Amino acid sequence: MKTVLTGIKPTGDVHLGNLLGAIRPAIEMSHSSQFDRSIYFIADAHALTSVRDPEKFKQHVYEIAATWIALGLDTSKAIFFKQSDIKEVFELTWMLNCMTPKGDMNRAHSYKDKVQKNQEANKDTDFGVNMGLFDYPVLMSADILLYDSNAVPVGKDQIQHVEIARSIAQRCNEYFGEGTLIEPQEVIQKNGSLVPGLDGRKMSKSYDNGIPLWGTEKKLKKTINKITTDSTPEEAPKDSANCTIMELYKLFGTPEQILGLEKRYAEGIGWGYAKLELFEVINAYLSGPREVYNDLMNNRDEIDKVLLNGKERAHAIAMDTMNRVRSRITGF
Ligand code: ADP
Ligand code: TRP
């Protein structure tokens, strides 16, 4: 039995970078015959390290769920659920905590970065660090190990967390016997080219340069119009090799469309027209999913139903794993 698993943090405003770098590849992987089981969950407990507004918290969980369903995740095949619905993950987190040297957590990138920033600002080393943030890699290890995951698709920033999960599994297998936990492997997208944002840097929430997936057509057009361009005159030939509009166009256009636009660049095209063409290919891609997304957000019972079905299927697996692990670790 080969299992692919990943967690998705429910943070605001999903953008095209998240779609192309994470959501689309994960959905494709769920159709791959390489795996017998795909498990995708909303990592709501992880979001608790920073979110302090329950209304926003809940809204983001629904938004992420609706996003994945609208973009075509087949939830009759893939197991799709909310992390905190499976309480076994917290029991396993505690057991793994007791098997994890504190020093490993001191060395985890996200915590180390925070400490370094504090030191640079002459603040207390642990200023703004809660225990959830410190222990984040162990909860993530429990997510992965609870479902006997083999492959874990993640962004580059998460590789260390999967390595921590693997080393915890190895340690437990040494203490309690082979097969106590399955040792997972990270999967990094090979053609993981970064999607550029409005200002040409990597599209990211932290740079406020994203093109959000959802919203009205009008808003999408307005956002695309904000892409930074140079002051080459309207009719002058344009360089299609070094252009954010073109880079984005290539991610959505057909080969013929791409050739066509490249030709028009060489002939001279006004930036406004180029942006309009970009809007059209992105909008064509998103308009179907947008309708499904809006329907789901107006009918949250449907989302609840999907998540409940996922919860039941995830729980069956979690109970089996915990029975095995609990008996190996505690004798009960
Ligand atoms: P952000 O940078 O907006 O905070 P996250 O760090 O939450 O995005 O990333 C969520 C997922 O989306 C990760 O798997 C990450 O690799 C992917 N991702 C984010 N931005 C991009 C981008 N510009 N290009 C490709 N993939 C991206
Ligand atoms: N930490 C991941 C992120 O910030 C989300 C996540 C939580 C996850 N649990 C996971 C990813 C388990 C893969 C496997 O993006």
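How far does a polar side-chain atom of His15 lie from an oxygen atom of ligand 1? The distance is 2.7 Å.

Good morning. The model is predicted, so local features need pLDDT of at least 70 and side-chain atom pairs count only at pLDDT 80 or more, while totals for chains, interfaces and linings use all residues. Residues are numbered from 1 along each chain as its sequence is written, chains are lettered from A and ligands numbered from 1 in the order in which they are written, and side-chain values use heavy atoms, with hydrogens and water left out.

Let us begin with ligand 1. The residues around ligand 1 (a residue counts if one of its heavy atoms lies within 4 Å) include His15, Asn18, Leu194, Lys202 and Lys205. Lys205 takes part through its backbone, where a polar atom is 2.7 Å from a ligand oxygen atom. These are polar contacts, that is, pairs of N or O atoms within 3.5 Å. Taken alone, ligand 1 exposes 540 Å², and the protein buries 75% of that; such areas come from the Shrake-Rupley method with a 1.4 Å probe. The shell of ligand 1 divides into 4 nonpolar, 6 polar and 2 charged residues, where Ala, Val, Leu, Ile, Met, Phe, Trp, Tyr, Cys and Pro count as nonpolar, Asp, Glu, Lys and Arg as charged, and the others, Gly among them, as polar.

We turn to ligand 2. Of the 14 residues around ligand 2, those that come nearest are His46, Tyr136, Met140, Asp143 and Gln158. The side chain of Tyr136 places an N or O atom 2.7 Å from a nitrogen atom of the ligand. For Asp143, a polar side-chain atom lies 2.7 Å from a ligand nitrogen atom, and for Gln158 the corresponding distance is 2.9 Å. On its own, ligand 2 has 370 Å² of accessible area, of which the protein covers 89%. Which element gives the largest share of this shell? Helix 7 does, with 4 residues; helices are DSSP runs of H or I with at least four residues, numbered from the N terminus. The shell of ligand 2 comprises 8 nonpolar, 4 polar and 2 charged residues.

Finally, a pair of helices. Helix 4 (residues 88-97) and helix 13 (residues 300-330) pack at about 25°, with their axes 10 Å apart. Axes are lines fitted to C-alpha atoms over the stretch in contact, and angles run from 0 to 180 degrees between N-to-C directions. Helix 4 and helix 13 are therefore roughly parallel, a label for angles under 35 degrees.

Terms used:
A polar contact is a pair of N or O atoms within 3.5 Å; within protein, one must be able to donate a hydrogen and the other to accept it, and residues adjacent in sequence count only if both atoms are side-chain atoms. Helices (H or I, at least four residues) and strands (E, at least two) are DSSP runs, numbered from the N terminus. Angles under 35 degrees count as roughly parallel, over 145 as roughly antiparallel, 65 to 115 as roughly perpendicular and the rest as oblique.
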